[in-house]
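This briefing sets out the main features of the structure shown below, grouped by topic. Please keep the model open while reading.

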Amino acid sequence: MNEIDKNTVEGKNQLKDSDSVRFFGNPESKTRIMFMGNSITLHGYLPKIGWYGEWGMAASCAEKDYVHLLAEKIGDAYFCICQVADWESDYRNGENYLDAYASARAFGADIIITRFIENMDHNNVDFELFKEKYIQLLDYVNSKNTEKIVFSTGFWKHPGDVCIEQIAKERGCPLVYLGDLGDMDEMKAIGLFEHDGVANHPGDKGMATVAERLWVPLKEMIV
């Protein structure tokens, strides 16, 4: 079994539609940073799978997910979380989900971190279409046309990673490779959750490592 097959957390309905975009930090700050992600970025409370958090699965608390670890490093800024798991699960019809991210577009990010792909069907990849829809989504939320974008691959190796690599190269933006982390049990929350899908998400060590890797290019973009 591939490691990504162990992610049995459903990609759909991880949040209520109205909660797919959230904000925190200092609204008066001159620095606006957007995190685009899925359950690893933010998953809502879901007792039926033993998840009682409202942060990145499967960190032990909000302060230990990669988003909040990076926010702590960055300091004064206004942050937006744009949770796109529903889009991932149905990327072929991605344009139907754009309206749900209208407030993320209006946010006007100066820097964007993309941290999603895992819920895209990895057994039937339409590489050309995925790349097209990924760009469509990114360009939609990137209302300032910022060139400060940090791309990343899947936590679990995904055949569609090649598309993200191509986009990053074409745009001259840094790409952070994360796929090796999903092969290491010590980077996951194994043994801490009964639900295997939740347990195979990054635990505190995995989240810290994701944050450290993303921070390398991100810190060069912070003015």
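A residue is called buried when its relative accessible area is under 20%. By that cut-off, five of the five residues of β4 are buried, so the strand is largely enclosed by the rest of the structure. The model is a predicted one. Its sheet is open and made of six strands, in the order β1-β3-β2-β4-β5-β6, with mixed pairing.

**Sheet and strand pairing**

- The edges of the sheet are β1 (21–25) and β6 (175–176), each of which pairs on one side only.
- β2 and β3 run parallel and are paired over six bridges; Ile33 has Phe79 of β3 as its bridge partner.
- β2 is also joined to β4 (residues 111–115), again in the parallel sense, by five bridges.
- Along β4, Ile112 stands opposite Met34, Ile113 is the bridge partner of Phe35, and Arg115 stands opposite Gly37.
- β4 and β5 are parallel as well, with two bridges between them; Val150 in β5 is the bridge partner of Ile113.

**Crossovers**

- A right-handed β-α-β unit is made by β2, helix α1 (residues 66–74) and β3.
- From β4 the chain crosses through α4 to β5, and this β-α-β crossover is right-handed.

**Burial of the strands**

- In a regular strand, side chains alternate between the two faces of the sheet.
- In β4 both faces are covered: Ile111, Ile113 and Arg115 are buried on one side, and Ile112 and Thr114 are buried on the other.
- Five of the six residues of β2 are buried, so β2 too is largely enclosed by the rest of the structure.

**Nonpolar cores**

- The largest nonpolar core holds 33 residues, and the members that touch the most others are Met34, Met36, Cys82, Trp87, Tyr101 and Phe151.
- At least two residues of this core come from each of β2 (32–37), β3 (78–83), α3 (102–107), α4 (127–141), β5 (149–152) and α5 (161–171).
- α4 gives the largest share, six residues.
- Leaving aside residues up to four places away in sequence, Trp87 touches Gly94, Tyr97, Tyr101, Phe116, Phe130, Lys133, Tyr134 and Leu137.

**Aromatic rings and charges over rings**

- There are 16 aromatic pairs in the structure.
- For Tyr45 and Tyr52 the ring centres are 5.6 Å apart and the planes are at 70°, so this pair is edge-to-face.
- Tyr52 is exposed, with a relative accessible area of 52%.
- Trp87, Tyr91, Phe116, Phe130, Tyr134 and Phe151 are linked into a cluster by ring pairs.
- Arg32 places its charged end over the ring of Phe107, 5.2 Å from the ring centre.
- Arg105 has its charged end over the ring of Tyr140, at 5.1 Å from the ring centre.

**Backbone points to check**

- Which peptide bond is cis? The bond from Met57 to Ala58 is cis, with omega near 5°.
- Ala58 lies in the loop between β2 and α1.
- Asn145 has a positive phi of about 55°, although it is not a glycine.
- Asn145 is placed in the loop between α4 and β5.
- Is Asn145 buried or exposed? With a relative accessibility of 61%, Asn145 counts as exposed.

Technical notes
Residues are numbered from 1 along each chain as its sequence is written. This is a predicted model: local features need pLDDT of at least 70, side-chain atom pairs count only at pLDDT 80 or more; totals for chains, interfaces and linings use all residues. Side-chain values use heavy atoms; hydrogens and water are left out. A nonpolar core is a set of buried Ala, Val, Leu, Ile, Met, Phe, Trp, Tyr and Cys residues joined through side-chain atoms within 4.5 Å. Buried means under 20% relative accessible area, exposed over 50%, partly exposed in between (1.4 Å probe, protein chains only). Helices (H or I, at least four residues) and strands (E, at least two) are DSSP runs, numbered from the N terminus. Contact means heavy atoms within 4.5 Å. Two strands pair if DSSP finds at least two bridges between them. A crossover is right-handed if, with the strands pointing away from the viewer, the path from the first strand over the helix to the second runs clockwise. Rings of Phe, Tyr and Trp (its six-membered ring) pair if their centres lie within 6.5 Å; planes under 30 degrees apart count as stacked, over 60 as edge-to-face and the rest as tilted. A charge sits over a ring if NZ of Lys or CZ of Arg is within 6 Å of the ring centre and within 35 degrees of the ring normal.
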